[in-house]
Protein chains: 2
Amino acid sequence: MISGKFAITIHILTLLHKFPNDYLSSEFIAGSINLNPVLVRKEIANLKAHHIVESKEGKNGGTKLAVNAADLTLKQIFEMTFETIGLGFAKNQPNPDCPVGKNINQHLEALYSEMNQNVSRQLEGISLEDFSNQF
Amino acid sequence: MISGKFAITIHILTLLHKFPNDYLSSEFIAGSINLNPVLVRKEIANLKAHHIVESKEGKNGGTKLAVNAADLTLKQIFEMTFETIGLGFAKNQPNPDCPVGKNINQHLEALYSEMNQNVSRQLEGISLEDFSNQF
DNA sequence: TAAATTTGTAACATATTTTATTACAGTATG
DNA sequence: CATACTGTAATAAAATATGTTACAAATTTA
């Protein structure tokens, strides 16, 4: 399974970009994603920690973008929500007495690291503005 | 979370490549991965369905490679175990009455499709033999 | 200042996916 | 015929992701 964090976060940011002058409530956003507002607020908390958005509490409060959408890349969003891609590891520590078991994770890590560089290059070239303007 | 299928499968194949003349038992393989033998047999069943390995039942049975390791690419292994990478989708159907909700999944799919092509190109260039010879 | 609305967050519940275990029929070997 | 495998189903346990409820704190507006 893969968490929906990236998809949810980019959905939130796209909405914020579409309404640049409003503080959008978590409930409004949740209505577009079809997601519980608490979960929206959790993702927003993450965005706030990275200074991508700002929120206002209280009545008529909500959240708005705090950065220029042209300067925020999908790579940054990816890193805020995923850290890394890859094709996974076996759950248990492999057998250290086997030459393959002993080294496989290190080789997989190297492979996945290349994948990340690869994907990062792609995502670096796309800004939130680019993404949002497709709609 | 991400399933360990790819890692487990490539671990199995690396072992088979290291012992090209033996039928390896699921128990032996499981000992290297540190995984339940039944799960090893399940991944082997998948490999068999793709004609990558062949098994022999009964005493002294086991599994061996049925293809040339130089001709089997990590891309093929990836496709046998994952189908696709990506950064996920929100679990619920987004709101079709919202212009963003209505179209976001389609745009994400396009993005992920590019990611896949990107990663596939990388994995295409690495054979099982290449991977295994690192050990 | 009081009522209403919204964020922030914790605590808990449910759902889904992944991994593990048990069991046993079927097959080949010696 | 005993042994050691595969193949597969059924079930259990563990891990992760998502959902819900509750409520304190903040801010607006009447």
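**Notebook: pockets and cysteines**

I started with the second largest pocket, which holds about 280 Å³ of space (a pocket is an open set of points on a 1 Å grid over the protein atoms alone, where a 1.4 Å probe fits, with protein on both sides within 12 Å along at least five of seven lines; lining residues have an atom within 4 Å of a point). This is a predicted model, where local features need pLDDT of at least 70, side-chain atom pairs count only at pLDDT 80 or more, and totals for chains, interfaces and linings use all residues. Residues are numbered from 1 along each chain as its sequence is written, and chains are lettered from A in the order in which they are written.

I found 14 residues lining the second largest pocket, with A:G4, A:K5, A:I8, A:L35 and A:L39 nearest its centre. Two or more lining residues come from each of α1 (5–18) and α3 (37–49) of chain A, and α3(A) gives the largest share, 3 residues. By class I noted 7 nonpolar, 3 polar and 4 charged.

Next I looked up the largest pocket, at about 680 Å³. Its lining has 33 residues, and A:I2, A:F82, A:G86, B:I2 and B:G86 lie nearest the centre. Both α5 (99–124) of chain A and α5 (99–124) of chain B supply at least two lining residues. The classes there are 14 nonpolar, 14 polar and 5 charged.

Last, the cysteines: I got 0 disulfides over all chains (sulfur pairs within 2.5 Å). Is A:C98 buried or exposed? A:C98 counts as buried because its relative accessibility is 13%, and buried means under 20%. B:C98 is buried too, at 12%.

Note on methods:
Heavy atoms only, no water. Buried < 20%, exposed > 50% of the residue type's maximum accessible area, 1.4 Å probe, protein only. Points joined across faces, edges and corners; volume = space filled by probe spheres on them. Helix = DSSP H or I, 4+ residues; strand = E, 2+ residues; numbered from the N terminus. Nonpolar A, V, L, I, M, F, W, Y, C, P; charged D, E, K, R; others polar.
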